[in-house]
Amino acid sequence: MASINVLTLNMHMGFNLLGRRFVLPELREAIRAVSADMVFLQEVLGEHAHHARRHAAWPAGPQYEFLADTLWTQFAYGRNAVYPHGHHGNALMSKFPIASFENRDVSVQGHEQRGLLHAIVRAPEGPEVHTVCVHLGLRESHRQKQIGLLCGIVADEIPADAPLVVAGDFNDWRVRGHALLRRCGLVEAFEHTRGRLARTFPSRWPTLPVDRIYLRNARVAQAQVLSTQPWSHLSDHVPLLARIDL
């Protein structure tokens, strides 16, 4: 049985809670210290010409490549929001080979752009692991539709016996979407081990349970919310970390 560590974080495009301070180099050190095997990231900038001119420490390439450095040799990026000076989306960083990936557009026309990044990872000593990095909309009606599309992918495109990790920012602070995800056969890691969903937003005073790690055909061995320093100063969300057995 293989055991892997999974981290998920909405990284707020590399800025702190109020968006005033650029913290990407500090964020890289914090992520490296956790030693996660797979890192699910939301609000990752692939390019931003304005910020690149304003910040001396801005990386030459995409933020996910800067964060991956030499530890996570494999990464996948799903571009969701595109604007004249750049774009951002979801990313997966992995210490294991990524066999394939596809970004699924789940945007509601005329509103914020959202996507589901579906990747297949070849973990050691076990079957291929399907992963989906999630960032859902701010409106309840949009989330309901997007969760329906996610559940369709889970049911129709992922083998019923394959290990599956679905992680990210669900924006489901009312916990209405959580019931739908459970009906899809998904088990939330923090709820399974602690009896309730983790509170991850806002980072200084986490009160809302918006970030999640869901599993299917995998067992959660441990789950924790990283709410102390330095994490409370590195984004508007705090991350979740889980150890899972495949």
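Contact here means heavy atoms within 4.5 Å. This is a predicted model, in which local features need pLDDT of at least 70, side-chain atom pairs count only at pLDDT 80 or more, and totals for chains, interfaces and linings use all residues. Residues are numbered from 1 along each chain as its sequence is written, and side-chain values use heavy atoms, with hydrogens and water left out.

**View A. Helix α4 against helix α5.** Glu140, Gln144, Ile147, Leu150 and Cys151 in α4 meet Arg176, Gly177, Leu180 and Leu181 in α5. Helices (H or I, at least four residues) and strands (E, at least two) are DSSP runs, numbered from the N terminus. The axes of α4 (residues 140-157) and α5 (residues 176-183) come within 10 Å and cross at roughly 10 degrees; axes are lines fitted to C-alpha atoms, for helices over the stretch in contact, and angles run from 0 to 180 degrees between N-to-C directions. The two helices, α4 and α5, are therefore roughly parallel (angles under 35 degrees).

**View B. The open sheet.** Six strands are ordered β3-β4-β2-β1-β12-β11, with mixed pairing; two strands pair if DSSP finds at least two bridges between them. β3 and β11 (219-225) stand at the edges with a single partner strand each, so one side of each lacks a neighbour in the sheet. The twist averages 25 degrees from one strand to the next.

**View C. Strands β1 and β12 with helix α1.** β1 (residues 3-10) and β12 (residues 240-245) pair in the antiparallel sense over 6 bridges. Asn5 stands opposite Arg243 in β12. Helix α1 (residues 24-34) packs on the sheet and touches β1, β2 (38-48), β4 and β12.

Key:
Angles under 35 degrees count as roughly parallel, over 145 as roughly antiparallel, 65 to 115 as roughly perpendicular and the rest as oblique.
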